[in-house]
Amino acid sequence: MKHFTDLFVALDQTTKTTVKVKALVRFFQQASDQDKVWVIALFSHRRPRRTVTTSLLREWAAEKANIPLWLFEETYHVVGDLAETIAKVIPNEDLKVDSNAVDLSGWIAYIMALKDEEEAIKKERILSAWDQLNMEERFLFNKLITGGFRVGVSQKLVTKALAKFTDKEENTIAHRLMGNWDPADISFEELILSESVSDDLSKPYPFYLAYALDGEPEDLGIPNDWVAEWKWDGIRGQLIRRKGEVFLWSRGEELVTDKYPEFDYLSSIDCPDFVIDGEILGYQDDMPLPFQQLQKRIGRKKVSKKTLADIPVVLMAYDLLEYNGEDIRTKSYEERRLLLKGLLPEFIFPDTKVILSQQQDFKSWDELAKLREESRERRTEGFMLKKKNSDYKTGRKRGDWWKWKIDPMTVDAVMIYAMRGHGRRANLYTDFTFAVWKGEELVSFAKAYSGLTDDEFREVSQFVKKNTIDRFGPVRAVKPELVFELAFEGINESSRHKSGIALRFPRIKRWRKDKKAKEADTLVYLQNLLQQ
Amino acid sequence: MSLIESKEKGLYCKQADVYIDPWKPVDKAIITHGHSDHSRKGHKAYACVHSSKAIIRHRLGPINVTSYAYGDSFTVNGVQFSFHPAGHIIGSAQIRVEYKGEVWVITGDYKLDDDGISEAYEQLQCHSFITESTFGLPVYNWPNQNEVYDDINNWWSENAEENKTSLLTAYSLGKAQRILHHLDVDIGPIYCHGAIANMNDALIEAGVKLPYYEKVTPELKPDDFKNALVLAPPAATGSAWMKRFKQVSIGVASGWMALRGARRRRGADRGFILSDHADWKGLNMAIKGTGAENIYPTHGYTSIFSKWLVAEGYNAQPIETAFIGESLEVETETP
Ligand SMILES: [Zn+2]
Ligand SMILES: [Zn+2]
């Protein structure tokens, strides 16, 4: 486990991306192929199936540490991380065994082998593992069971390191890491090195994400080079049909086919295969439904007939990435749209679920600015501006695509502190402090306390209670996990705040359950708004 | 009525009309040690150990202070008070209070490990023990301090090789000197932030020996710091003072670094687990060693810790201090 422990310690001790990439490359050079695959898996939210419940782990850890369970629970509450709590309450004794005899995949196999064992055997094996590992290793071992390695390593970073290590394009690696693969039965060769394109039918492409326009549209040049597309307020999705099989991915790289049976019919119609980039959108009577409606479907695995009828969903198609089995991302946007348009009439059924997202004609930027004022009525967030000759890029890139959102300005921020409310809401956590990313660090920049429903406040309060990592009087520091979209009327410089900015009238616009903390906005994004 | 009570102004001995570490102005104050949450200004008369006197004077200016040697005692209205090493920082003392055969001990802050620079902890026996419990949770178990000094020196020398400044934050009184004492002077130059340098001067005057270091002054250029280790108080990292360093790695030396979350929130590159407080094991050992029946935890996780002690068979009850848990700074500055 030494290489992995060294890697983890190195990653954990720096906030700098370059140093992290270096550490990952070093690991890839030293570790076994199977350990490589597992590290890629662990840092892209894949973990071994859980074979021991956390409640058993808590019980055994308390017993091992010679403390009552309630004290373990109180301590866990303060620490905020179960794997860490367990690792640290168990006294460090001199190790009798050389834990390096077993590598990362070895320990994972050890954990997976517990699956069908009786509780007594599980206990014996886990306690024995704790005895063989030092504190740092014990922590990692526990993390393998509980999941959630939070060391500021994104899939993007792993991709970068792998590209460096294998001398391949980042795009190629990114595509290979997407989709469904099981670290337990794929080799490094198959996953990364082999030349043949994997035949995993469900594999999506990395999304091309746009930045918010940070100047005037005039700066983009002549209107004729650009296309304006309404920016719909749903969840970005990728609809795939390959060899007649249909898959739907959400932007969080989650396979959500089962949640949206609306698209099942596409497997049985007669048309070329495709991969469409679009927006999953609640849609009824030719109008989008408010995002809050769609949200009711996001959290559920299976949907009831009633939900299906109340909140029907469509895919607003923006772009075509693959046509008839061919990756066409390097064709121009105009060409891709033409193919998309040609493809969509094939779907024409009495009740099509894939709608071509409208483009807006405009002769001048002024004209477009006027149209943009209709955004709210149309239940859109403004425009996406796309260059006609742009190819489809990977990840968030500047230059060819821009978000031109309507006011108020918004920012996606991570909640880091919570405080109880007053009066009617005294038993709920309603006052929050939010942060955005500055490199790998979160800096707080705004407080807000209105905008959620009582139900949502209740849900957030539950989260706060379970995820407190520190307390300062009435204020609780919580795990930075929940992302909220804040709306605000203005932004000013401020020397009073660590972030250097202050927002005017910030309020919670909505809870972005579809976003992970890593996907929240950056301080640079806010500083750019300041410039306007 | 008990010999020592917790009053609005602090811990109070009515029989002698004396306060211990009071946080509001009183006539007679016995001070356990020089940290600002224990030695406050405004009292008419102060009593402390000799090595603490210079520190308190440095912090509070001209005050009326009588100092004693460790082990010395004095009696007020039949109550005998004496000072005993607490091992927390230079000049830190536990206060032993005896009246008609009943003995109380107030620890102030303490640690059991001998840090090589503070007077080493003395295990006392008593009936009632008022103990700090800043780190009274079973996850706080300190690593061997020599390993931590090695880690600090290794970190420094790795940075020095890359011409990077190593900025280490540590509390100005106690932690800073303890680290200075264990730095490997062969790695490169050592600098101290003004606040620490001034504290050092007061201590050197009182007879403490420290290795050679320089004070950070405005004339110094970024290049002067390129392979240096700079000691600074925690508050300095967020200030304009930092602008003088070019390439810098920030380390934090604190018991709070035992938890990953605490280090990440501090934005430190490296956390070194080094505390001047007793860890979980230390607290439990000290308590057991006193033979006391009544335990009163103060500072930190007092209610959880008391509940644990009750389960262990003690009479335990938390003493709430007036000033904890008020602000976000508490964590950074708990001395
Ligand atoms: Zn204290
Ligand atoms: Zn202290």
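Modeller: Two salt bridges are found across the interface of chain B and chain A, in what is a predicted model. One salt bridge pairs B:Asp269 with A:Lys16, and their closest N and O atoms are 3.8 Å apart. Four residue pairs, both members at pLDDT 80 or more, are in polar contact between chain B and chain A. On the side of chain B that touches chain A, the elements giving two or more residues are helix H5 (260–266) and helix H7 (302–311) of chain B. H5(B) supplies the largest share of that side, four residues. Sorted by class, the side of chain B that touches chain A holds ten nonpolar, four polar and eight charged residues.

As for the extent of the interface, 22 residues of chain B are in contact with 29 residues of chain A. The size of an interface is often given as the accessible area lost when the parts come together. For chain B and chain A the buried area is about 2400 Å², and carbon and sulfur atoms give 57% of that area.

Now the sheets of chain B. One is an open sheet of six strands with parallel pairing, in the order S14-S13-S15-S12-S16-S17. B:Ser166 has B:Ser249 in S16(B) as its bridge partner. Helix H3 (residues 175–182) of chain B lies across S12, S13 (190–192), S15 (229–232) and S16 of chain B. The helix runs at about 160 degrees to S15(B).

Another open sheet of chain B also has six strands, here with mixed pairing, and the order is S1-S2-S3-S4-S5-S6. At its edges are S1 (5–7) and S6 (65–68) of chain B, each pairing on one side only. From one strand to the next, the twist averages 30 degrees. Strands S4 (residues 28–30) and S5 (residues 45–49) of chain B run parallel and are joined by three bridges. There, B:Ile30 stands opposite B:Ala47 in S5(B). Helix H1 (residues 50–60) of chain B lies across S5 and S6 of chain B, at about 135 degrees to S5(B).

Note on methods
Residues numbered from 1 in each chain as written. Chains lettered and ligands numbered in written order. Predicted model: local features only at pLDDT ≥ 70, side-chain atom pairs only at ≥ 80, totals over all residues. Heavy atoms only, no water. Pairing = 2+ DSSP bridges. Contact = heavy atoms within 4.5 Å. Axes fitted to C-alpha atoms, helices over the stretch in contact; angles between N-to-C directions. Buried area = accessible area lost by both parts, 1.4 Å probe. Salt bridge = Lys/Arg side-chain N within 4 Å of Asp/Glu carboxyl O. Polar contact = N/O pair within 3.5 Å; in protein donor to acceptor, adjacent residues only side chain to side chain. Nonpolar A, V, L, I, M, F, W, Y, C, P; charged D, E, K, R; others polar.
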